[in-house]
Every structure is written in structure tokens, then in C-alpha cells.
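Work through the exercises below with the sequence and the model open. Each task is followed by a solution in steps.

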Amino acid sequence: MAKIVLGIGCAHTPQLHTPADKWEIRAERDARDGVPMWYKGERLKYAEVLEQRQHLDLQAQTKMEIREERLRKSFAAVDVLAEVFARANPDVVVIFGNDQSEMFLDDIKPAFTIMGCPEFENMPRTEEQISRLPPGIALADPGHLPDHDRQVFPGHPDLARHIAEHAIRKEFDVSYSNRQFHPDPGRAQTSGMPHSYGFIYKQIFRTHVKPHVPVDTNTFFPPNQPLAPRCYALGKVVGEAIREWDRDLNVCVIATGGLSHFVVDEDFDHDIMEAMERNDFEHLLRYSEGYYQAGSSEIKSWIAAGGAMQDSGLVGHIVDYHALYRTPAGTGSSTAFMYWQ
Ligand SMILES: [Fe+2]
């Protein structure tokens with residue numbers, strides 16, 4: 001029978017690969033106040049978030065030397081996860097991630113998709129695609145896209161099919177794909193895999209490329225974002241499927257994304273990591289859906305991965321956590337790194 005031997009939780013924020021002195025590009029957009037942002041379960045305007053957090057003096061944490069130090073430590077934590085992964089040398093990987101309008105545009109956004117493609121390709125953006133991006137986004141491409149040419153990573157259709165069949169038997173009506181979905185390149189911002197997966201290929205797999213199964217959840221986009229308890233339940237079903245898989249293979253489960261952004265909430269993030277460490281899903285599911293919106297919706301991938309690992313006897317380790325603040329209201333991204341072994 002297959003065995004889950006390793007779990008990894010890894011933030012994939014593009015801010016990590018954006019030079020510290022270029023964070024202002026996004027900071028200006030955050031502070032423009034037109035777009036409400038999610039903070040502690042509520043949708044607020046930038047000025048309201050700033051007002052609520054004035055006492056924290058987050059301005060002091062936007063200094064260049066602090067930004068650079070946190071980036072340095074975050075990269076060191078990514079290195080730790082890459083080493084843990086290389087040492088464990090699993091045979092197969094299941095990645096819980098999310099599309100951010102990279103693979104699925106407005107035509108269709110399936111709630112849950114098990115991807116049973118024989119291979120997945122990733123490629124740099126075209127000049128034309130870069131010209132259509134909001135300012136500052138392409139700067140972070142080295143974090144998740146190939147530097148030069150198209151790259152191809154092996155999938156694992158057997159495991160994907162087994163997971164989908166098991167999920168359906170458990171009355172989980174998942175979507176399934178045999179082939180990587182390529183949206184119209186004239187409308188898409190990229191032609192490869194979503195950055196959620198691209199980050200893992202580049203930063204965790206590195207040269208240890210493994211056959212893998214992306215389990216994609218529409219965490220971001222209304223109206224069909226699965227609720228947190230449903231993500232947890234899917235994770236449980238995926239974990240069961242792996243453990244009942246009649247193959248003598250070692251499996252790694254990865255959560256890619258999170259934690260809180262685009263308003264960073266350190267207390268919330270520490271609470272999430274500690275609950276993940278002690279397998280306390282009752283606690284995680286007590287937060288209202290408002291806490292799991294926008295970038296923070298990616299925490300649902302952690303909850304799903306946690307559900308998958310829960311009965312595998314692995315022990316959680318928090319490697320590191322940093323708040324990458326780019327404005328005095330504390331907007332930006334957080335970087336969180338954990339593993340279970
Ligand atoms: Fe993301």
C-alpha cells in the first residue's frame with residue numbers, strides 16, 4: 001500500500017521574488033483606497049485598515065533593511081524545505097493548490113479539479129502577455145516560471161484516477177482532467193501552470209522532479225469557492241485514497257499558498273500554523289469564511305493538505321514565518337514554511 005511519508009506547507013507569494021525596493025509598485029495600488037480588502041473576516045477600505053492598525057506602528061516594519069532581512073530568511077526557509085524534500089525523495093507528490101485566473105479564465109472555474117495529465121508544461125510569458133500585466137507582476141516571474149525555455153514535468157495519471165474514483169465513491173463530485181488546460185493565449189496572462197504549482201516546481205522540486213497530481217481548488221473566485229470544511233473533507237478523502245492505493249510507493253503531500261494576504265495578520269497566521277502543527281481542524285474551521293478570502297483563501301489548500309495527512313502519523317514542524325509588509329496598514333504578503341515527517 002502507498003504511504004504518505006512527508007508533508008510540506010509553503011507560501012508561494014510573488015512578493016518573495018520581487019526586489020524589496022520594488023514593493024512600492026504594489027504598495028501604491030494597495031493604498032489607492034478604491035478596492036476593499038479582507039481583514040479579520042471583514043471587507044474594509046485601505047484607510048479603515050490603516051486606522052484599525054495605527055497602534056501597531058507597522059510603518060517601522062516597512063524599512064528596507066527589515067524587508068531585506070525577511071526576504072533572506074524566507075529564502076533560507078525555502079532551502080530547508082527543498083532539502084527536506086530531496087532527502088525524503090518521495091516517489092509521487094500530490095499538490096493542493098489554486099488557480100488564480102491563469103489556467104481557468106472566465107469560461108469555467110471548477111470548484112475542485114483532480115489533474116490526471118501525463119505531463120504538465122510551464123513556460124516563460126510572451127512579451128505580449130507581459131505587456132498586458134498589471135505593473136510589477138512580471139518582476140516576480142523568476143520565482144515560478146522557467147528562465148528560458150518550456151519545461152515539462154511528469155504527472156501521475158494512475159494516482160490521479162484512483163483519487164478521483166475514490167472521491168466520487170465518497171460522493172465528492174470532483175472535476176477531472178486528462179490534459180493540461182490551456183486557455184486562449186491572447187487572453188491568458190501565462191500559458192503554463194498557475195504560479196501556485198510553478199513555485200513548487202522551481203523552488204521545492206528544483207532538480208528532483210517528481211511525478212505529481214495537482215488537486216486544484218477554486219479558493220479565490222466567487223460564486224463557487226468551496227467552504228473550508230469542504231476543503232478539509234476533500235483532503236480527508238484524498239488522504240484515504242492515497243493510503244488505500246495498491247502501490248508500494250512513498251507519497252509527499254504539498255500545500256502551496258497563503259498564509260494571510262493581502263492584509264497580513266500575524267496573529268491569525270501563527271494561530272493557523274500552530275493549529276496545523278497540532279492537527280486541530282476544529283479550531284481552523286471555527287474561523288468564518290471572511291477570514292479565508294482573497295490571498296488568505298489559499299489557507300484552504302493547507303487545510304486540505306492537513307486533512308490528507310491527518311491519519312498518517314506525521315509530526316509537524318514550523319520552519320519559519322515572516323510578514324512582508326509594504327504599507328503602514330500592513331498590506332503585503334506573509335511567508336510561511338512548515339513540514340510534516
Ligand atoms: Fe497565490
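**Exercise 1.** Find which elements each supply at least two residues of the lining of the largest pocket.

Solution. The elements are α1 (24-31) and β2 (37-39); helices (H or I, at least four residues) and strands (E, at least two) are DSSP runs, numbered from the N terminus. Of these, α1 gives the most, with 3 residues. The model is predicted: local features need pLDDT of at least 70 and side-chain atom pairs pLDDT 80 or more, while totals for chains, interfaces and linings use all residues. Residues are numbered from 1 along each chain as its sequence is written, and side-chain values use heavy atoms, without hydrogens and water.

**Exercise 2.** State the volume of the largest pocket and sort its lining by residue class.

Solution. The volume is about 1,200 Å³. A pocket is an open set of points on a 1 Å grid where a 1.4 Å probe fits, with protein on both sides within 12 Å along at least five of seven lines; lining residues have an atom within 4 Å of a point. Among the 42 lining residues, Arg 26, Arg 29, Gln 100, Phe 220 and Phe 262 are closest to the centre. By class, the lining holds 15 nonpolar, 15 polar and 12 charged residues.

**Exercise 3.** Give the strand order of the open sheet of 8 strands.

Solution. The order is β8-β5-β9-β4-β10-β1-β12-β11, with mixed pairing; two strands pair if DSSP finds at least two bridges between them. At the edges, β8 (175-177) and β11 (316-325) each pair on one side only. Inspect β1 (residues 3-10) and β10 (residues 250-256): they run parallel, joined by 7 bridges. Leu 6 stands opposite Cys 252 in β10.

Conventions:
Grid points are joined across faces, edges and corners, and a volume is the space filled by probe spheres set on the points. Ala, Val, Leu, Ile, Met, Phe, Trp, Tyr, Cys and Pro count as nonpolar, Asp, Glu, Lys and Arg as charged, and the others, Gly among them, as polar.
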